[in-house]
Amino acid sequence: MQTRHVLTFNWHDPYLYLFSQTGFQISVGDWMHRADGTTGWDTQKRPLPDSLTLLKSPEEVVAGLKKRAFDVVVCHTMQDLSFVAPFDVPTVYLTHNALQNDGLNDAKTMAKLQRDVQSFLHARNGVFAAISPMKLKSWGIDGFVVKPGIGLDDYDGYTGEEPAAISVGNLFVERDHMLGYRYLKEILNGLPHRLVGENPRLIAVQKAKSWDDLKALLRQHRVYVNTTVEAFEDGYNLGMLEAMATGMPVVCLANTSSPIVDGVNGYISHDIGYLKNRVQTLLSDLSLAKKLGQK
């Protein structure tokens, strides 16, 4: 039987915006408090798609589960699994994080998480999925890789007119172990740049006013800088993929899963000094930036 109605939970508005393009009818539990301090669908990040229905209370979701209104539930966290545990509903566990992240890089915690997810899914013939091969491998659970997609028609139009670097991310300080904020600061120190995202501990850093505003910032700035840390994160994040979709070149900390090839579509290295130098070069050479970005 074809799946018709999906239940999921809102930990990541941009990801669910992409998920809405699968064509399913999707109900979204929308009351959870996220790590960046936000709650509920944020229209500044993405407009609400017609195919998504926001359920604003646990009671609404429980009522739907009791009536068997959902053909499948997609869980993103252990909190989601615990919520749906009392109900007999086909379940997908979709991890956005490496096990090292969710398990705080503690061997006992990681082993317990792995066992708990495996046991839950085994008991109901559930499915495990991850958003990248690295993250699937880190969990050590048989499953599927479903990479996040980028709608190219939503981007394009790179001009690079602003001779400044840009990087997009939430909780740079709090998630330094995976976002490599310490490296980002070193690369960008003394250079014109802009950081964008939910970052309450960085007073000068603000999120974009809207998705259109974010796309405009990506198109206008000269180069995107990514410093995600291998073992904890892929060599890219959604912000970097969006920047690439506009036609922007990327300067990236070395990571085996990065799509950047040094000197082809940007620059990549373990050498922070080299990366800083490459950013400086691109800030002074728009034609080179456009050439790399088109790759």
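## The largest cavity

Strand 10 gives the most to the lining of the largest cavity, with 3 residues. Strands here are DSSP E runs of at least two residues, helices are H or I runs of at least four, and both are numbered from the N terminus. The model is predicted: local features need pLDDT of at least 70, side-chain atom pairs count only at pLDDT 80 or more, and totals for chains, interfaces and linings use all residues. Residues are numbered from 1 along each chain as its sequence is written, and side-chain values use heavy atoms, with hydrogens and water left out.

The structure holds 2 cavities of 30 Å³ or more. A cavity is a set of points, on a 1 Å grid over the protein atoms alone, where a 1.4 Å probe fits but cannot get out. Grid points are joined across faces, edges and corners, and a volume is the space filled by probe spheres set on the points. The largest cavity has a volume of about 50 Å³. Its lining residues (an atom within 4 Å of a point) are S167, V168, F172, L179, L184, Y224, V225, N226, T227, T228 and N237. Strand 8 and strand 10 are the elements that give two or more residues to this lining.

## The second largest pocket

A pocket is an open set of grid points, with protein on both sides within 12 Å along at least five of seven lines. The second largest pocket has a volume of about 410 Å³. It is lined by 18 residues. Nearest its centre lie Y15, F19, T22, L94 and V146. Two or more lining residues come from each of helix 1, strand 4 (72-75), strand 5 (91-95) and strand 6 (127-130). Helix 1 gives the largest share, 3 residues.

## Two nonpolar cores

A nonpolar core is a set of buried Ala, Val, Leu, Ile, Met, Phe, Trp, Tyr and Cys residues joined through side-chain atoms within 4.5 Å. Buried means under 20% relative accessible area, exposed means over 50%, and partly exposed is in between (1.4 Å probe, protein chains only). The largest core has 50 residues, and Y224, V279 and L282 touch the most other members. Helix 11 (residues 272-283) supplies the largest share of this core, 5 residues. A second, separate core has 26 residues, including M32, L99, L113 and A130. In soluble globular proteins, nonpolar side chains tend to be buried together.

Which residues does Y224 contact, leaving aside its neighbours within four places in sequence? Contact means heavy atoms within 4.5 Å. The partners of Y224 are I166, S167, V168, L218, N237, G239, M240, A243, M248, P249, V250 and V251.

## Helix 10

Why is helix 10 (residues 238-246) largely enclosed by the rest of the structure? Because 8 of its 9 residues are buried. These are L238, G239, M240, L241, E242, A243, A245 and T246. They pack against helix 1 (13-19), strand 8 (162-168), helix 9 (211-220), strand 10 (221-226) and strand 11 (250-253). Just after helix 10, G247 takes a positive phi of about 105 degrees.

## Rings and a charge

Rings of Phe, Tyr and Trp (its six-membered ring) pair if their centres lie within 6.5 Å. Planes under 30 degrees apart count as stacked, over 60 as edge-to-face, and the rest as tilted. The count comes to 10 aromatic pairs. W31 and F83 have ring centres 5.5 Å apart and planes at 50 degrees, so the pair is tilted. It links distant parts of the chain, 52 residues apart. W31 is in the loop between strand 2 (25-29) and strand 3 (52-55), and F83 is in helix 3 (residues 78-84). W31 is buried, at 18% relative accessibility. F83 is partly exposed, at 21%. Together, F9, W31 and F83 form one aromatic cluster.

A charge sits over a ring if NZ of Lys or CZ of Arg is within 6 Å of the ring centre and within 35 degrees of the ring normal. K215 lies over the face of W211, at 3.8 Å from the ring centre. K215 also lies over the face of Y155, at 5.9 Å from the ring centre.

Is Y267 buried or exposed? Y267 is buried, at 8% relative accessibility. It lies in strand 12 (residues 266-269). Not counting residues up to four places away in sequence, the residues that Y267 touches include V250, Y274 and L282.

L152 counts as exposed, at 58% relative accessibility. L152 is found in the loop between strand 7 (144-145) and strand 8.
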